[in-house]
Amino acid sequence: MPKTTRQTKIPGDPVLPSEITPESVYLSRRAFMHSGMRTGALLGVGAMMPALGWAAPAWLQDQVGAHEPGTPIDEDITPEHHATSYNNFYEFGTDKSDPKRHAQQLTTDPWSVQIDGLVNRPGTYDLEDILAPHALEERIYRLRCVEAWSMVIPWLGFPLADLLARFEPQGSARYVEFTTLYRPAEMPGQRSRFSSIEYPYVEGLRLDEAMHPLTILAVGMYGKVLPNQNGAPLRLVVPWKYGFKSIKSIVRIRFTEQEPQTTWHKSAPQEYGFYANVNPNVDHPRWSQRTERRLPGSLFGSNRIPTRMFNGYADAVADLYRGMDLSRYY
Ligand code: MTE
């Protein structure tokens, strides 16, 4: 069980992102926000609906209800029903329908997040304190799973950079490691003796990837509080990487100097790299990554579309990898 007692109050006055983010990234973020703000309330309709599924605390429901509308994209949003019933969350089983069925029993209130490693302000913080200063924005992103299916999901969240800055990463920090809750009593997949992966689930990003303006922490989707099966109460969303990087139900964020040992990379290093950038030119050893099935399919076919470099976000993120051999750092 995670600790639920608050040990340290989060400083109320966060460092400006411009103080810790490379200027080019900061400027592109400003441009992104500017172009994105209030240009369309495509999904605003969901905002006032009551949250379904778990009993989110009223303060969180209020915060979710007060989000900024997102930027429409020129692709159909995946119907909510599909995004909340076709899931990968191995802690609840490996079948796509398992998470929705088994995650309802997960207790997500109270929730706290441990912040440690190379930071000046480590501590264990209640979710409410983690979220307090952050206005929620809607971000409509493509989600491309390494298994070659994809969806378009309207997330509600805030830039991870804004949260990380509050803890004052030290100069030696080069990576950020994230850990999912370990609670076998409520997560049947963690009790399985035949699991293909180790628990707790761990993911990681290079610090500059973590600070990139497209990287968000989500607490909601479709205008509502995040359902358990999608990673309540707090998950990462990194839209230019394969979905397995977008770790769910986070209880720990650690700043490190070394590249974190991540779950899928540990389980099959030749199949799953640390970077896991969406890349149609680098196949998975067992299948092609050139195309993807955009869900849902129809009676007439599987809706197969070409996969785009960095999942279509190359303009925003390609600079992060300049000079790197992406077939080696897959
Ligand atoms: N996080 C945890 N803790 N456990 C998981 O099994 N699966 C990942 C990712 N985050 C996973 C996880 C994978 S493979 C994908 S594709 C996405 O979650 C799926 O997110 P979704 O179910 O919200 O679509």
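**Entry 1: surface and overall make-up**

Accessible areas, as I use the term here, come from the Shrake-Rupley method with a 1.4 Å probe. I note at the outset that the model is predicted.

I then looked up how the chain is built. The chain holds ten helices and twelve strands. Of its 330 residues, 55% count as buried. I also looked up contacts between residues at least 6 apart in sequence, and 74% of these join residues at least 24 apart.

**Entry 2: the largest nonpolar core**

I turned next to the interior. In soluble globular proteins, nonpolar side chains tend to be buried together. In this model, the largest nonpolar core has 82 residues. Which of them touch the most other members? I listed Trp155, Phe178, Leu236, Trp240, Ile253 and Phe255. Strand E4, residues 149–159, gives the largest share of this core, with six residues.

**Entry 3: the ligand**

I counted 16 residues around the ligand. The closest are Asn87, Tyr90, Glu91, Arg235 and Lys248. I then looked up individual atom pairs. A polar backbone atom of Tyr90 lies 2.7 Å from an oxygen atom of the ligand. In the side chain of Glu91, an N or O atom is 2.8 Å from a nitrogen atom of the ligand. For Thr180, an N or O atom of the side chain is 2.9 Å from a ligand nitrogen atom. On its own, the ligand has 540 Å² of accessible area, and the protein covers 99% of it.

**Entry 4: Asn87**

Asn87 is one of the residues closest to the ligand, and I examined it separately. Where in the chain is Asn87 placed? I found Asn87 in the loop between helix H4 (80–83) and helix H5 (98–102). Is Asn87 buried or exposed? Asn87 counts as buried because its relative accessibility is 4%, and the cut-off for buried is under 20%.

The side chain of Asn87 reaches the backbone oxygen of Ala83 at 3.1 Å. Not counting residues up to four places away in sequence, Asn87 touches Asp95, Lys96, Pro99, Gln229, Asn230 and Lys248. I marked Lys248 in particular, as it is also listed among the residues closest to the ligand.

Technical notes: Residues are numbered from 1 along each chain as its sequence is written. This is a predicted model: local features need pLDDT of at least 70, side-chain atom pairs count only at pLDDT 80 or more; totals for chains, interfaces and linings use all residues. Side-chain values use heavy atoms; hydrogens and water are left out. A nonpolar core is a set of buried Ala, Val, Leu, Ile, Met, Phe, Trp, Tyr and Cys residues joined through side-chain atoms within 4.5 Å. Buried means under 20% relative accessible area, exposed over 50%, partly exposed in between (1.4 Å probe, protein chains only). Helices (H or I, at least four residues) and strands (E, at least two) are DSSP runs, numbered from the N terminus. Contact means heavy atoms within 4.5 Å. A residue is near a molecule or strand if one of its heavy atoms lies within 4 Å of it. A polar contact is a pair of N or O atoms within 3.5 Å; within protein, one must be able to donate a hydrogen and the other to accept it, and residues adjacent in sequence count only if both atoms are side-chain atoms.
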